[in-house]
Structure formats: structure tokens, C-alpha cells
Amino acid sequence: MVKTDIQIWTDGACSGNPGPGGWGVLLVAGTRRKELYGGAPDTTNNRMELQAAIEALNALKKPSKVTLNTDSTYVKDGLTKWIHGWKKNGWKTAAKKPVKNKDLWQALDEACARHEIKWVWVKGHAGDEGNEKADELARRGAEEARG
């Protein structure tokens, strides 16, 4: 089966941390673009960064070849470096403490399983068009969550 090449940008935003937060996603496949966003009334920035990646990957209807651009080293390093040890250690950190946001890490791990993903870190607020759009969507999600 041929996998579609998809570019994704994700971002999370939070007022307060914890506080009202939002996540935003820009998906681009060829000439097609899709924007997604949402939020939560009481959350953290890291949870919103994770939620954005989960929502983006779960929005894909079939297994895809994805380049996922994020300005979150927490998300990128978590998925490319730390998660293997966490799973081996029963979702405990190297310091034997429970992994924070375990529920979202597990959901993201599951969402990743169907896809071939290249993780790319982009500097936030530095003019990357996709990142700027994802940030705008995340702020919209946070604003709506604030009520």
C-alpha cells in the first residue's frame, strides 16, 4: 500500500500553566489543507502539546508517511528517546517516578503505531508558516476553553 506524504504542524498553548489551554494542528497533503483545534479549561502546556500530536495523527484516515513538525522538545524527545525506557520500566522514569501525562503518552504511542513518522523540531515563533498557524489555532482553542 502506498502511504501518503503528509506534513503536520502541531502546537499547544496554555494561559497560566495550569490554566485554560488549547491545541492546534495544521495538516497539509499536496494541495489539501486541514486545520484542527480544541482546548481544555484546566490543563498544562505539555498536555496540550501532546494532545495536538494525538489529534493530528488520529485525524488521518489511513496509515501515512508523516513529517510531524513541533516546537516542543518534550513531545519530540519523549517519542524518539524516552518512551522506550518508560515502557520497559512500567511507565516509570529513570528516577523510578511515575511518568507525567502517562495517559497522553500512551494515547500518542498508539496513534503513532499506524504511521511512518519523521519528527522535526522547529523553533517556535520564528516565522515557520506552519508553526505560526498551529500556534494561532492553539491560542483559539485556549480562548474558547476559557469561555
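**Helix packing around H3**

In this predicted model, Tyr74, Val75, Gly78, Leu79, Ile83, Trp86 and Lys87 of helix H2 meet Trp105, Leu108, Asp109 and Cys112 of helix H3. The contact of H2 with H3 comprises eight nonpolar residues, one polar and two charged. H3 also packs with helix H1, the two axes coming within 9 Å.

**H2 with H3**
- The axes of H2 and H3 are 11 Å apart and lie at an angle of about 100°.
- H2 is therefore roughly perpendicular to H3, as an angle from 65 to 115 degrees counts as such.

**H1 with H3**
- H1 covers residues 45–58 and H3 covers residues 102–112; their axes cross at roughly 25°.
- Because angles under 35 degrees count as roughly parallel, H1 and H3 are described that way.
- The crossing of H1 past H3 is left-handed.
- On the H1 side, the contact is formed by Arg47, Leu50, Gln51, Ala53, Ile54, Leu57 and Asn58.
- On the H3 side, it is formed by Asp103, Leu104, Trp105, Ala107, Leu108, Ala111 and Cys112.
- By class, the residues of the contact of H1 with H3 are 10 nonpolar, two polar and two charged.

**The largest nonpolar core**
- The largest nonpolar core holds 31 residues, and those touching the most other members are Ile8, Val25, Leu57, Trp105 and Leu108.
- Two or more residues come from each of strand E1 (4–14), strand E2 (19–29), strand E3 (32–43), H1, strand E4 (64–70), helix H2 (73–88) and H3.
- H1 contributes the most to this core, with seven residues.
- Leaving aside residues up to four places away in sequence, Leu57 touches Ile8, Val66, Leu68, Leu108, Ala111, Cys112, Arg114, His115 and Ile117.
- Trp105 and Leu108, both listed among the core residues that touch the most other members, also take part in the contact of H3 with H1 and in the contact of H3 with H2.
- In soluble globular proteins, nonpolar side chains tend to be buried together.

**Asp77**
- Asp77 lies in helix H2.
- Its relative accessibility is 16%, so Asp77 counts as buried, the cut-off being under 20%.
- Asp77 and Asp109 are 32 residues apart along the chain, and their C-alpha atoms are separated by 13 Å.
- Asp109 is one of the H3 residues that meet H2.

Key: Residues are numbered from 1 along each chain as its sequence is written. This is a predicted model: local features need pLDDT of at least 70, side-chain atom pairs count only at pLDDT 80 or more; totals for chains, interfaces and linings use all residues. Side-chain values use heavy atoms; hydrogens and water are left out. Axes are lines fitted to C-alpha atoms, for helices over the stretch in contact, and angles run from 0 to 180 degrees between N-to-C directions. Helices (H or I, at least four residues) and strands (E, at least two) are DSSP runs, numbered from the N terminus. Angles under 35 degrees count as roughly parallel, over 145 as roughly antiparallel, 65 to 115 as roughly perpendicular and the rest as oblique. A crossing is left-handed if the near helix is turned anticlockwise from the far one by less than a right angle, and right-handed if clockwise. Contact means heavy atoms within 4.5 Å. Ala, Val, Leu, Ile, Met, Phe, Trp, Tyr, Cys and Pro count as nonpolar, Asp, Glu, Lys and Arg as charged, and the others, Gly among them, as polar. A nonpolar core is a set of buried Ala, Val, Leu, Ile, Met, Phe, Trp, Tyr and Cys residues joined through side-chain atoms within 4.5 Å. Buried means under 20% relative accessible area, exposed over 50%, partly exposed in between (1.4 Å probe, protein chains only).
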